[in-house]
Amino acid sequence: MLPKEYYYTKIGSSQDLIIPKERIIYRFLEILPGTLAWSTLLGIFALSYFAPVFTAFFIIAFDVYWLLKTIYLSLHLRSAFKKIKENLKINWLEKLTANYKLQTINKNWRDIYHLIILPFYNESEETIRASVKSLIPVNYPKDKIIVVLAAEERAGESILEITQKIKKEFGSQFFKFLITIHPKDLLDEIPGKGSNIAFAGKETREKIIDALKIPYDKIIVSAFDIDTVIFPDYFSRLTYIYLNTPNPQNFSYQPVPFYVNNIWQAPALARVVAFSATFWHTIQQERAERLTTFSSHSMPFQALVNVDLWQKNMVSEDSRIFWQCLLRHNGNYGVIPIYYPIKMDANAAPTFWQTMKNLYKQQRRWAWGAENIPYFLFGFLKNKKIPLYKKIRYSFVYIEGVWSWSTNALIIFFLGWMPLVLGGEAFKQTLLAYNLPQITRWLMTFSMVGIVTSAYLTMVILPPLPKNYGKHKYLLMIFQWPLLMLTMIIFGALPALEAQTRLALSGKFRLGFWVTPKHKI
């Protein structure tokens with residue numbers, strides 16, 4: 001049961017607050033991300049007209065910053081990928097067995113249960129089957145694995161038939177196999193993954209965990225998207241990291257999503273977006289101070305119980321659960337990168353234009369994670385036990401990340417030319433105006449080091465080429481990367497800017513949970 005003093009950890013939006021003063025504060029914080037983004041973009045337009053010299057120097061400095069950041073991130077990407085590659089070669093069950101430190105009375109790895117929750121709405125039987133089937137060859141005792149298929153009642157009878165079929169086929173392979181049906185049209189809920197897995201967690205706790213009296217601190221729960229396909233050693237690697245972490249109950253554990261399940265079938269733009277997301281999350285493994293939970297992740301069941309499970313009244317439950325735990329544990333909570341991948345689907349639809357539409361909506365939903373900014377800022381105001389330096393660090397890191405998402409690509413590829421367009425004839429006659437395009441072009445050319453790194457790693461993580469595809473597909477995987485500049489704007493900055501604008505406007509503009517369609521082309 002969540003203590004009353006932590007009531008603010010269950011807030012979904014400003015409308016959930018009863019006290020007028022608190023509602024006004026939270027509403028102001030909802031407006032903040034969009035205000036910062038639009039102030040930056042409009043400010044560049046205004047300064048390009050009124051102060052073109054200053055703006056030109058700012059743009060050059062920004063391009064230099066972008067170049068240095070690209071080099072910095074490329075080095076992190078190579079370092080993280082090297083660690084992931086090495087971890088994939090290790091038999092982690094053998095390492096668990098051989099590690100004497102994990103054989104003590106209080107740290108026996110054989111006592112650790114893994115609860116896997118697989119929520120879904122209207123995905124195909126093929127997608128659901130692939131995820132469950134990947135759990136069969138796991139290199140971990142299956143008598144310690146609990147699988148929960150979390151279906152939605154609103155999906156209809158056909159989906160429920162599929163779950164029964166899959167349980168009949170695979171259920172006996174695990175310690176327990178539970179099907180939960182999340183009721184539709186419940187009050188104070190937003191239909192989506194968060195409300196579904198919260199219901200599934202409650203059902204599992206009552207019907208299996210409490211019924212069998214399994215200690216909460218002996219359970220690691222993994223909330224996986226339904227297209228998640230794991231490598232056999234995932235749970236052994238996770239258990240090893242968990243038991244070698246001091247105070248493991250105070251951390252979530254984040255794998256790296258490799259969006260490669262259907263990468264050969266996806267169009268070029270979708271592939272670039274998928275690989276970009278893969279590489280970004282690989283980089284984040286090297287920057288644990290910036291890491292929050294995302295998509296498929298794992299965490300202690302006890303920590304989940306401490307916050308009364310996932311929130312049901314918001315969209316971005318994957319990252320929100322981290323902020324819930326951070327506030328509930330008074331700042332004493334973090335995320336451990338496990339340097340180990342899971343495989344997921346790239347966004348692909350039957351037609352090119354439907355894929356583009358789905359890509360945009362998916363990125364907009366991810367960018368809706370900006371709703372966490374008012375949530376944790378308000379929580380920081382309410383929770384006096386969190387150290388001030390942690391509040392400042394988290395606030396700066398996360399706000400800067402959301403701001404960069406919606407503005408940086410536009411500044412680099414579009415607004416960098418505004419002083420030449422709006423600066424007037426006097427500015428155009430200056431040496432600075434003459435050199436600005438050349439300087440910008442050279443800096444952006446040097447920044448292509450990031451594309452070279454991406455092209456190389458693309459070839460390394462590709463799954464085997466399907467038999468019905470020609471070898472020329474390998475060349476397309478390399479030559480697709482100049483599309484990155486286009487995707488950074490259309491499937492990066494623009495959906496992020498829309499999401500932050502919608503959050504600022506709120507009301508009918510707020511986003512609900514959008515389920516990314518899963519197609520096997």
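## Cavities

A cavity is a set of grid points where a 1.4 Å probe fits but cannot get out. By this rule, the predicted model holds 4 cavities of 30 Å³ or more.

The volume of the largest cavity is about 60 Å³. Its lining is made up of Tyr259, Ala270, Val273, Ala274, Ala277, Asp345, Ala346, Asn347, Leu359, Gln362, Gln363 and Trp366. Two helices, α8 (268-284) and α11 (352-367), each contribute at least two residues to the lining of this cavity. Sorted by class, the lining of the largest cavity has 8 nonpolar, 3 polar and 1 charged residues.

## The second largest pocket

The second largest pocket has a volume of about 450 Å³. A total of 19 residues line this pocket, and those that lie nearest its centre are Lys10, Ile11, Asp188, Lys312 and Asn313. The lining of the second largest pocket divides into 9 nonpolar, 2 polar and 8 charged residues.

## Strands β4 and β7

Strand β4 (residues 219-223) pairs with β7 in the antiparallel sense, over 4 bridges. One of the residues involved is isoleucine 220, whose bridge partner in β7 is proline 300.

Strand β7 covers residues 297-300. His297 and Met299 point one way from β7, while Ser298 and Pro300 point the other way. Residues on both sides are buried.

Most residues other than glycine have a negative phi. Lysine 213 has a positive phi, near 55°, and is not a glycine. Lysine 213 sits in the loop between α6 (193-209) and β4. Is lysine 213 buried or exposed? Because the cut-off for exposed is over 50% relative accessible area, lysine 213 counts as exposed at 74% relative accessibility.

Leucine 309 also has a positive phi, of about 65°, although it is not a glycine. Leucine 309 belongs to the loop between α9 (301-306) and α10 (317-328). The relative accessible area of leucine 309 is 7%, and buried means under 20%, so leucine 309 is buried.

Definitions and conventions
Residues are numbered from 1 along each chain as its sequence is written. This is a predicted model: local features need pLDDT of at least 70, side-chain atom pairs count only at pLDDT 80 or more; totals for chains, interfaces and linings use all residues. Side-chain values use heavy atoms; hydrogens and water are left out. Buried means under 20% relative accessible area, exposed over 50%, partly exposed in between (1.4 Å probe, protein chains only). Two strands pair if DSSP finds at least two bridges between them. On a 1 Å grid over the protein atoms alone, a cavity is a set of points where a 1.4 Å probe fits but cannot get out, and a pocket is an open set with protein on both sides within 12 Å along at least five of seven lines; lining residues have an atom within 4 Å of a point. Grid points are joined across faces, edges and corners, and a volume is the space filled by probe spheres set on the points. Ala, Val, Leu, Ile, Met, Phe, Trp, Tyr, Cys and Pro count as nonpolar, Asp, Glu, Lys and Arg as charged, and the others, Gly among them, as polar.
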